[in-house]
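Open the model in your viewer and keep the selection tool at hand. This tour goes from stop to stop, with something to select at each one.

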Amino acid sequence: MAFSKNKSQVDDGLKSELAKKGIVITTLNELYNWGRRSSIWPMQFGLACCAIEMIATACARYDIARFGAELFRASPRQADLIIIAGTVTKKMTPQVVRLYNQMAEPKYCITMGACSISGGPFIDGYNTLRGIDRFIPVDVHLPGCPPRPEALLYGLQTLQKKIDSQDFRKAPWYQKGLKREYAIPDLGPKGLIPKFNPEVWQPREEDHRKEKYGSPMVIGKKTKAPDLDAPPKQPKAPAPKPPKRSDDSAPPSKEA
Amino acid sequence: MFEKMRVKTKVIDSGKSGLDTQTLEVNVGPQHPSTHGVFRMTIVLDGEVVKSLRPVMGYLHRNHEQIAENITYSASMPYTDRLDYFNSMSNNQAWAMTVEQLAEVEIPDRAEYIRVIMSELTRLVNHVSVIGFLLNDMGAFFTPTLFAFREREKVLDVFEAVSGSRMMCNYLRFGGVNRDLTDDQLGQIKKIVADFPAFLDEFETLLAQNEIVCMRCQNVGVLPAELAINASITGPMLRASGVNYDIRKVDQYSVYDRFEFKIPLGEKGDVYDRYYVRMLEMRESLKILNQALEQIEPGPFMAPKVPACLKNPRNFKPPVGEAYGRVEAPKGELGFYVVSDGSKEPWRYHVRAPSFINLTVLEAMCIGYKLADAIVILGSIDIVLGEVDR
């Protein structure tokens with residue numbers, strides 16, 4: 001998705017001419033967004049495999065500090081960005097939603113990896129949530145299993161573009177009566193109650209996955225345990241060949 | 001810690017001092033920077049001392065075993081990568097060995113050497129990261145991890161060159177490996193092996209004699225050898241308690257009988273021993289790598305004569321039977337138990353996950369120590385939640 005940058009009223013030619021003389025003209029919006037996007041504090045919150053790649057991104061080779069997002073905070077109260085790195089299971093979903101609710105506005109969310117987008121390789125499992133966007137709004141989806149650290153950096157840059165496109169006069173977190181708390185699901189005996197948050201996500205009308213990839217894994221089709229003590233099967237003796245018929249006794253053809 | 005800050009107070013002792021003391025129940029996790037993932041501990045504290053500790057698992061239960069029972073044997077291989085996501089190559093090796101046992105496949109020498117090289121490189125990656133995280137838990141925020149991950153990236157470059165993926169390698173196949181190692185890649189590995197001792201020396205001078213590390217680690221979280229054996233602990237944890245048990249020596253699977261290496265043992269079984277055994281194990285791994293790189297010879301990397309059932313891996317139907325294959329994974333004995341009923345999918349598939357079984361002694365090790373020690377003890381067990389919960 002392309003984000004349109006906030007348009008400045010000042011002519012670009014004039015801007016560059018003034019810049020040569022050491023005068024910088026900017027708008028409050030640009031300054032404000034520049035500050036916000038250059039110091040995103042992500043939450044130190046790893047769920048599974050992708051968390052290791054998230055740590056690798058913070059380490060020396062990829063160095064997420066170049067983009068101003070190196071300060072991983074352990075508390076959601078101090079974080080701007082939640083990177084959902086890994087499989088969200090049904091048992092973990094209430095906690096993830098609660099953590100997102102506890103973050104202060106403005107808050108952003110990146111889903112890292114196939115699992116948090118759709119369930120990924122574990123989509124057939126009974127305990128896997130098929131995408132965290134069923135419960136909380138997501139800004140950037142990062143595919144991969146796991147995504148490379150460069151991909152996470154690209155995701156962060158995409159988020160920075162989104163921040164740049166926001167206008168603080170219209171920003172929802174300065175409007176009156178904003179309530180961005182999402183309902184926390186309960187873990188019942190048959191999965192999450194409710195199964196999704198209708199404010200955030202609506203199911204598709206057609207079952208895309210079933211159409212494209214066939215029906216999901218069928219569980220319980222095998223009922224009989226193998227008999228391990230049984231003697232190994234002897235290879236079948238070749239069936240005795242039918243005696244050769246002489247030409248005279250050949251079966252009459254259908255035409256005859 | 002944010003999950004439920006439920007505080008239960010109870011008067012337990014109005015003793016000689018006449019003061020009422022209370023116990024405090026604290027939930028650590030599932031979102032906590034030091035629980036190595038989504039693990040929760042319910043700790044009852046008396047002051048700062050741990051009175052009881054109850055682990056709560058299942059926050060990353062991804063139905064590994066059930067999925068594996070409903071897909072083909074070769075399709076399980078990428079799922080084993082995601083069990084213990086630090087060392088996918090060892091997991092692949094254990095699963096490949098199990099199925100090869102079931103289908104009775106002979107593996108060519110070069111493939112065995114490649115497997116050994118890869119699993120020893122994995123051991124380096126795992127141990128170096130674990131030590132980094134352990135120091136992180138002690139409060140040396142992120143600096144040791146930076147050192148560790150710098151080396152890890154070098155090994156991951158090799159993995160990416162041979163398999164195409166950094167972490168989830170999916171490199172091994174039944175009867176050999178996916179692709180051959182080129183001379184360039186062997187040279188890359190030789191360079192890593194040659195440079196690694198210098199890094200280990202640097203890491204050791206930084207940590208081994210450090211006063212804070214010694215004070216935090218020595219005589220903390222002691223695991224007696226008897227308890228370790230009774231709880232079927234394996235891997236560096238068991239060896240830190242002074243029990244000489246390494247499946248590479250016991251089973252001599254693959255080509256481990258051709259190498260000379262020692263098994264480092266601890267004396268006391270405290271956190272420091274567990275840390276130091278891992279340091280020494282890395283040096284032994286380097287010895288194995290050096291010998292393997294010398295002995296490896298050109299040849300086929302896939303079994304030339306595979307049984308008929310393996311010709312088409314998608315339609316692979318092993319004979320009826322059961323098999324248990326185990327390797328010395330960096331965390332302990334990793335085993336796969338599989339029962340085949342002669343169809344494409346296994347009838348039963350079970351993973352003997354070392355970090356899950358090593359976690360069972362957590363309470364026994366933590367009782368009597370302080371809350372901050374419990375975090376360090378958990379770090380020294382070396383758990384990965386993908387394997388604990390599966």
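**Stop 1: the second largest pocket**

Select helix H3 of chain A. H3(A) gives five residues to the lining of the second largest pocket, the most of any element. Keep in mind that this is a predicted model. The second largest pocket holds about 840 Å³. Its lining counts 39 residues, and the closest to the centre are Gln44(A), Ile55(A), Pro33(B), Phe133(B) and Asn136(B). Select those five and note the chain letters.

Now show two helices together. Helix H3 (49-58) of chain A and helix H4 (109-138) of chain B are the elements that each give two or more residues to this lining. Colour the lining by class: 24 residues are nonpolar, ten are polar and five are charged.

**Stop 2: where the chains meet**

Give each chain its own colour. Chain A brings 48 residues to the contact, and chain B brings 46. About 4200 Å² is buried between chain A and chain B, with 64% of that area coming from carbon and sulfur atoms. Which residues of chain A lose the most area to chain B? Select Ile52(A), Phe122(A) and Lys222(A); together they make up 15% of what that side buries.

Next, look for charged pairs. Side chains of opposite charge can pair when their charged atoms come close. Four salt bridges cross the interface of chain A and chain B. One to zoom in on joins Arg61(A) and Asp157(B), with the closest N and O atoms 2.9 Å apart.

H3 and helix H4 (93-102) of chain A each supply at least two residues that touch chain B. H3(A) gives the most to this side, with six residues. By class, the chain A side has 28 nonpolar, eleven polar and nine charged residues.

**Stop 3: the largest pocket**

Move on to the largest pocket. Its space is about 980 Å³. Select Ser118(A), Ile123(A), Arg130(A), Arg134(A) and Trp201(A), the closest to the centre among the 27 lining residues. Helix H5 (114-118), strand S5 (191-193) and helix H7 (208-213) of chain A each give two or more residues to the lining. Which element gives the most? Highlight H7(A), with three residues.

Colour this lining by class too.

**Stop 4: enclosed space**

Rolling a probe the size of a water molecule over the atoms shows where empty space is left. How many cavities of 30 Å³ or more does a search of the whole structure find? The search finds three. Go to the largest cavity, with a volume of about 80 Å³. Select Cys49(A), Cys50(A), Cys115(A), Cys145(A) and Arg62(B): of the 16 lining residues, these lie nearest the centre. H3 and H5 of chain A each give two or more residues to this lining. The lining divides into ten nonpolar, four polar and two charged residues.

**Stop 5: a salt bridge within chain A**

Over all chains, the count of salt bridges is 34. Select Lys15(A) and Glu30(A), whose side chains form one at 4.0 Å from N to O. Lys15(A) sits in helix H1 (residues 12-20) of chain A and Glu30(A) in helix H2 (residues 28-37) of chain A, so this pair ties together parts 15 residues apart in sequence.

**Stop 6: backbone details**

Switch to a backbone view. Return to Cys145(A), which is joined to Pro146(A) by a cis peptide bond with omega about -10 degrees. Pro146(A) is in the loop between strand S3 (140-142) and helix H6 (149-164) of chain A.

Another cis peptide bond runs from Ile193(A) to Pro194(A), with omega near -5 degrees. Find Pro194(A) in the loop between S5 and H7 of chain A.

Finish at Asp63(A). Its phi is positive, about 55 degrees, although Asp63(A) is not a glycine. The loop that holds Asp63(A) runs between H3 and strand S1 (81-85) of chain A.

Conventions. Residues are numbered from 1 along each chain as its sequence is written. Chains are lettered from A and ligands numbered from 1 in the order in which they are written. This is a predicted model: local features need pLDDT of at least 70, side-chain atom pairs count only at pLDDT 80 or more; totals for chains, interfaces and linings use all residues. Side-chain values use heavy atoms; hydrogens and water are left out. On a 1 Å grid over the protein atoms alone, a cavity is a set of points where a 1.4 Å probe fits but cannot get out, and a pocket is an open set with protein on both sides within 12 Å along at least five of seven lines; lining residues have an atom within 4 Å of a point. Grid points are joined across faces, edges and corners, and a volume is the space filled by probe spheres set on the points. Helices (H or I, at least four residues) and strands (E, at least two) are DSSP runs, numbered from the N terminus. Ala, Val, Leu, Ile, Met, Phe, Trp, Tyr, Cys and Pro count as nonpolar, Asp, Glu, Lys and Arg as charged, and the others, Gly among them, as polar. Contact means heavy atoms within 4.5 Å. Buried area is the accessible area (1.4 Å probe) that two parts lose on being put together, summed over both.
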